[in-house]
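Thanks for passing this one along.

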Amino acid sequence: MELKKLEYDLTVCKVEDLADINTNSDFYFIGKTDEELSLVCRTEDTPAKTLERDDGWRGFRIQGVLDFSLIGILSRISGILAGHKIGIFAVSTYNTDYILVKEENFGKALKVLLGEGYKVI
């Protein structure tokens, strides 16, 4: 399995209004429920007005388009990282999954995943 390092810093935050989000950015995830409006974005694109924010995330993208019939891809990666005491924040799109780790754990996560046979570009 091949992973791609995202070459930018990420922020996970809660916002009050969709209008505060820069939807012209090339990378962001929006999650809305009856309880919150969450955003994952490049740190430099974080809205000025956030209700809460957590900076210092880095990420990996699982390369390729994942068929919905594939089972356990995210579970395996998260299990490997959990086994090394590395917490994750996962985000999924229609095509693939993204695994975010805190900046201070990024090098360790990279080493662990390489050691488990993942190719990281």
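**Notes on the model**

1. A side-chain pair to begin with: threonine 46 and threonine 11 are joined through their side chains by a polar contact of 3.4 Å. Such a contact is a pair of N or O atoms within 3.5 Å; within protein, one must be able to donate a hydrogen and the other to accept it, and residues adjacent in sequence count only if both atoms are side-chain atoms. Please bear in mind that this is a predicted model, where local features need pLDDT of at least 70, side-chain atom pairs count only at pLDDT 80 or more, and totals for chains, interfaces and linings use all residues. Numbering starts from 1 along each chain as its sequence is written, and side-chain values use heavy atoms, with hydrogens and water left out.

2. Staying with threonine 46, you will find this residue in the loop between β4 (37-42) and β5 (52-62); helices (H or I, at least four residues) and strands (E, at least two) are DSSP runs, numbered from the N terminus. Threonine 46 counts as buried because its relative accessibility is 13% (buried is under 20% relative accessible area, exposed over 50%, partly exposed in between, with a 1.4 Å probe and protein chains only). A polar atom of the threonine 46 side chain also lies 2.9 Å from the backbone oxygen of threonine 43. Not counting residues up to four places away in sequence, threonine 46 touches Thr11, Cys13, Cys41 and Arg53, where contact means heavy atoms within 4.5 Å.

3. Next, glutamate 52, which lies in strand β5. Leaving aside neighbours within four places in sequence, glutamate 52 is in contact with Cys13 and Lys14.

4. What lies 2.6 Å from a polar atom of the lysine 102 side chain? The backbone oxygen of aspartate 55 does. Beyond residues up to four places away in sequence, lysine 102 touches Asp54, Asp55, Gly56 and Trp57.

5. Now the helices. α1 (residues 73-83) and α2 (residues 103-115) pack with their axes 10 Å apart, at an angle of about 120°; the axes are lines fitted to C-alpha atoms, for helices over the stretch in contact, and angles run from 0 to 180 degrees between N-to-C directions. The two helices are therefore oblique to each other (under 35 degrees is roughly parallel, over 145 roughly antiparallel, 65 to 115 roughly perpendicular, and the rest oblique). Ile77, Ile80 and Leu81 of α1 meet Ala109, Val112 and Leu113 of α2 in this contact.

6. Lysine 85 sits in the loop between α1 and β6 (89-92) and counts as exposed, at 74% relative accessibility. Its phi is near 60°, a positive value in a residue other than glycine. The C-alpha atoms of lysine 85 and asparagine 105 are separated by 9.3 Å, though the two residues are 20 apart along the chain.

7. Finally, is aspartate 26 buried or exposed? With a relative accessible area of 63%, aspartate 26 is exposed. Its place is in the loop between β2 (10-14) and β3 (28-32), and its side chain makes a polar contact of 3.1 Å with the side chain of arginine 42.
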